[in-house]
Amino acid sequence: MNRRTLFQTIGLLGVFSLAACANNGQQVAAVPPTVQPAPGPVVTGPAQSGQASWMHRNLNGRRTASGERHDIDDITAAHRTLPFNSYARVTSVETGQSIIVRINDRGPFVRGRIIDLSEAAASQIGIRNAGVGAVTVEPVSSPG
């Protein structure tokens, strides 16, 4: 190695050393920080098991017990005791599918049934065609 190459090598090492000192010895992360997913809904009460049914289309547009109009395309439900505008996770025992619904009505008033779902909610968990289905209902803090 001649003198010129030696000085060039030493010079390059000096530049790299200064760059490392400029970061106070800390390395800069080349990977962007990861985004943490939002926490899911938290169960806020005891679970109930029983039969769910769904509210027929002829109820579309009628007032619910909360005062709003029933919309078959909304993800809503009727429950006897859960507060209006609270949320519940409804899970079909048969399909294992679940959905979080907003409580906006009272009912059902048929023995053995614990919740009445909107048509859209019943379709999403796979009980619409059967008319009724075994479910578990868990009150949750929010839709997610």
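Which residue in E6 is the bridge partner of Val 90? The points below answer this and describe the rest of the model, which is a predicted one.

1. **Overall make-up.** The protein contains two helices and six strands. Read from the N terminus, its elements follow the order α-β-β-β-β-β-α-β. Of its 144 residues, 30% count as buried. When contacts between residues at least 6 apart in sequence are considered, 72% of them join residues at least 24 apart.

2. **The barrel.** Six strands form a closed barrel in the order E1-E5-E2-E4-E3-E6, and the pairing is mixed. From one strand to the next, the twist averages 45°.

3. **Strands E3 and E6.** The opening question belongs here: Val 137 is the bridge partner of Val 90 in E6. Strand E6 covers residues 132–140 and is joined to E3 by six bridges, with the two strands running antiparallel.

4. **Strands E3 and E4.** E3 also pairs with E4; these two run antiparallel and are joined by five bridges. Within this pairing, Tyr 87 is placed opposite Arg 102 in E4. The hairpin of E3 and E4 has five residues between the strands, and Gly 96 in this hairpin adopts a positive phi near 80°.

5. **Strands E1 and E5.** The pairing of E1, residues 48–54, with E5 is in the parallel sense and extends over four bridges. Here Trp 54 is found opposite Leu 117 in E5.

6. **Backbone features in the loops.** Most residues other than glycine have a negative phi, and most peptide bonds are trans. Asn 85, a residue other than glycine, has a positive phi near 65°. Its place is the loop between strand E2 (76–78) and strand E3 (87–92). The peptide bond that joins Gly 107 and Pro 108 is cis, with omega about -5°. Pro 108 lies in the loop that connects strand E4 (98–105) with strand E5 (113–117).

7. **The largest pocket.** The space in the largest pocket comes to about 210 Å³. It is lined by 17 residues, of which Met 55, Leu 59, Asp 105, Arg 106 and Asp 116 are the closest to its centre. E1 and E5 are the elements that give two or more residues to this lining. By class, the lining consists of seven nonpolar, four polar and six charged residues.

8. **His 70.** Is His 70 buried or exposed? His 70 counts as buried, because its relative accessibility is 4% and the cut-off for burial is under 20%. His 70 sits in the loop between E1 and E2. Apart from neighbours within four places in sequence, His 70 is in contact with Met 55, Leu 59, Asn 60, Gly 61, Arg 62, Thr 64, Thr 76 and Ser 118. Met 55 and Leu 59, which are among these contacts, also belong to the residues closest to the centre of the largest pocket.

9. **Points to look at first.** A reader who is new to the structure may begin with the closed barrel of six strands. The largest pocket, with its 17 lining residues, and the buried His 70 may follow.

Definitions and conventions
Residues numbered from 1 in each chain as written. Predicted model: local features only at pLDDT ≥ 70, side-chain atom pairs only at ≥ 80, totals over all residues. Heavy atoms only, no water. Pairing = 2+ DSSP bridges. Axes fitted to C-alpha atoms, helices over the stretch in contact; angles between N-to-C directions. 1 Å grid on protein atoms, 1.4 Å probe; cavity = no way out; pocket = protein on both sides within 12 Å on 5 of 7 lines; lining within 4 Å. Points joined across faces, edges and corners; volume = space filled by probe spheres on them. Nonpolar A, V, L, I, M, F, W, Y, C, P; charged D, E, K, R; others polar. Buried < 20%, exposed > 50% of the residue type's maximum accessible area, 1.4 Å probe, protein only. Contact = heavy atoms within 4.5 Å.
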